[in-house]
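Please read it alongside the sequence and the model.

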Amino acid sequence: MRDINILVINPGSTSTKIAVYEDVRCIFLKTLRHSKEELDQYKTVTEQYEFRKNAILEELKADRIDLNNMAAIIGRGGLTYPLESGVYEINERMVEHCKVGISGMHASNLGSMIAYELAQEIPNAMALTADPVVTDEMNDIARVSGHPNFERRSIFHALNQKAVARQHAAKLGRLYSDMNLIVVHLGGGVSIGAHNNGRVIDANNALDGEGPFSPERSGTLPAGQLVDMCFSNKYSKDEIKKMITGEAGFVAYLGTNDARDVEMAVNEGDERAIFYHNAMAYQVSKAIGEMATVLKGRVDGILITGGMAYDKTLMSLIRERVDFITQVYIYPGQDEMKALAMNALNVVRGEAKVRVYAR
């Protein structure tokens with residue numbers, strides 16, 4: 001039986017990961033890193049499209065990867081309308097919604113856009129996405145913001161959080177659907193989710209201003225001060241949005257969006273880096289405590305994943321604040337590439353249902 005080849009595309013805020021799978025085997029994996037200077041050339045995420053697509057094509061060409069062999073191209077899902085968890089076939093409507101940012105702008109929007117265009121050039125290839133960042137399983141009570149003009153939205157690292165949660169459950173010989181977990185994704189964005197019997201019933205909006213700060217996002221800001229700034233006539237709407245997403249967090253405090261640079265500075269004794277590194281650990285820990293109350297204290301494990309989970313000092317700082325809740329498990333990096341590939345493989349094999357985006 002002929003191997004099924006899957007191309008995986010995962011654009012993050014500061015990198016683009018690409019992989020090729022032959023059935024369940026990863027035969028190619030590459031992370032294309034994008035500096036702040038490179039990305040600053042583009043005013044919006046959508047404007048990065050050609051830059052990111054060409055970077056992918058150049059890398060595949062250099063490594064002699066033939067796109068015509070792909071049965072499916074699966075991209076990390078973007079900010080479309082809220083969706084149920086599952087695998088979706090990318091159509092023109094989804095691409096258009098990603099382009100305009102119908103629910104917001106994020107690099108993940110590019111995943112669906114690039115996967116769709118590349119698949120159009122390959123006979124019979126499918127363009128897919130799975131567990132997009134707008135996966136919505138929140139309880140209605142969690143949507144309440146404090147004013148009827150505002151509603152909390154489910155925007156988080158659904159793909160990686162669910163993949164790690166399932167992996168953890170399997171490792172313990174248990175079912176994800178029978179566990180209560182707090183899953184923490186620490187990457188270009190930071191999201192903390194309360195997983196109740198297989199559903200993420202609450203999570204911070206990791207994109208545009210909720211929860212802990214990240215390497216380039218502000219997280220929650222003091223609302224009154226933000227309102228004053230908006231009406232100060234000193235900043236445009238776009239400038240303020242960049243203060244929330246893109247030019248906040250470590251970028252604003254320390255001048256870099258690369259958490260590895262911060263970790264190195266901490267290890268070298270840089271007092272400023274140490275202070276804001278500790279502040280991140282403090283905010284992440286506080287958010288974990290909030291999610292413990294969502295689960296009424298019945299927590300089977302705290303799982304920490306994402307690129308910053310490699311930072312042993314950061315992990316130690318978080319552990320010392322939250323390990324009274326339950327055991328902490330560290331899963332450095334992320335399983336998003338494998339999760340995307342396996343979702344696509346199941347669809348191509350006819351073992352999983354593919355959903356249609358029809359909003």
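1. Basis. The model is predicted, so that local features need pLDDT of at least 70 and side-chain atom pairs count only at pLDDT 80 or more, while totals for chains, interfaces and linings use all residues. Residues are numbered from 1 along each chain as its sequence is written, and side-chain values use heavy atoms, with hydrogens and water left out.

2. Largest pocket. A pocket is an open set of points on a 1 Å grid over the protein atoms alone, with protein on both sides within 12 Å along at least five of seven lines; lining residues have an atom within 4 Å of a point. The largest pocket has a volume of about 1700 Å³. Its lining comprises 44 residues, and Asp208, Gly209, Lys241, Ile244 and Thr245 are the closest to its centre. Helices H1 (36-39), H6 (223-230) and H7 (237-244) each supply at least two lining residues. By class, this lining has 13 nonpolar, 17 polar and 14 charged residues (nonpolar: Ala, Val, Leu, Ile, Met, Phe, Trp, Tyr, Cys and Pro; charged: Asp, Glu, Lys and Arg; polar: the others, Gly among them).

3. Second largest pocket. This pocket holds about 960 Å³ of space. Ser15, Lys17, Arg33, Gly307 and Gln334 lie nearest its centre, out of 46 lining residues. Helix H9 gives the most to this lining, with five residues. The lining divides into 13 nonpolar, 21 polar and 12 charged residues.

4. Cavities. A cavity is a set of grid points where a 1.4 Å probe fits but cannot get out. There are three cavities of 30 Å³ or more. The largest cavity, of about 70 Å³, is lined by residues including Arg76, Val133, Phe156 and His157. The second largest cavity has about 40 Å³ of space, and Arg76, Val133, Phe156 and His157 are among its lining residues.

5. Helices H10 and H11. The axes (lines fitted to C-alpha atoms over the stretch in contact, with angles from 0 to 180 degrees between N-to-C directions) of H10 (residues 271-294) and H11 (residues 312-322) come within 9 Å and cross at roughly 40°. The two helices are therefore oblique to each other (angles under 35 degrees count as roughly parallel, over 145 as roughly antiparallel, 65 to 115 as roughly perpendicular and the rest as oblique). The contact (heavy atoms within 4.5 Å) includes Tyr282 and Ile288 in H10, and Leu317 and Arg321 in H11. By class, this contact has nine nonpolar, four polar and one charged residues.

Note on methods: Helix = DSSP H or I, 4+ residues; strand = E, 2+ residues; numbered from the N terminus. Points joined across faces, edges and corners; volume = space filled by probe spheres on them.
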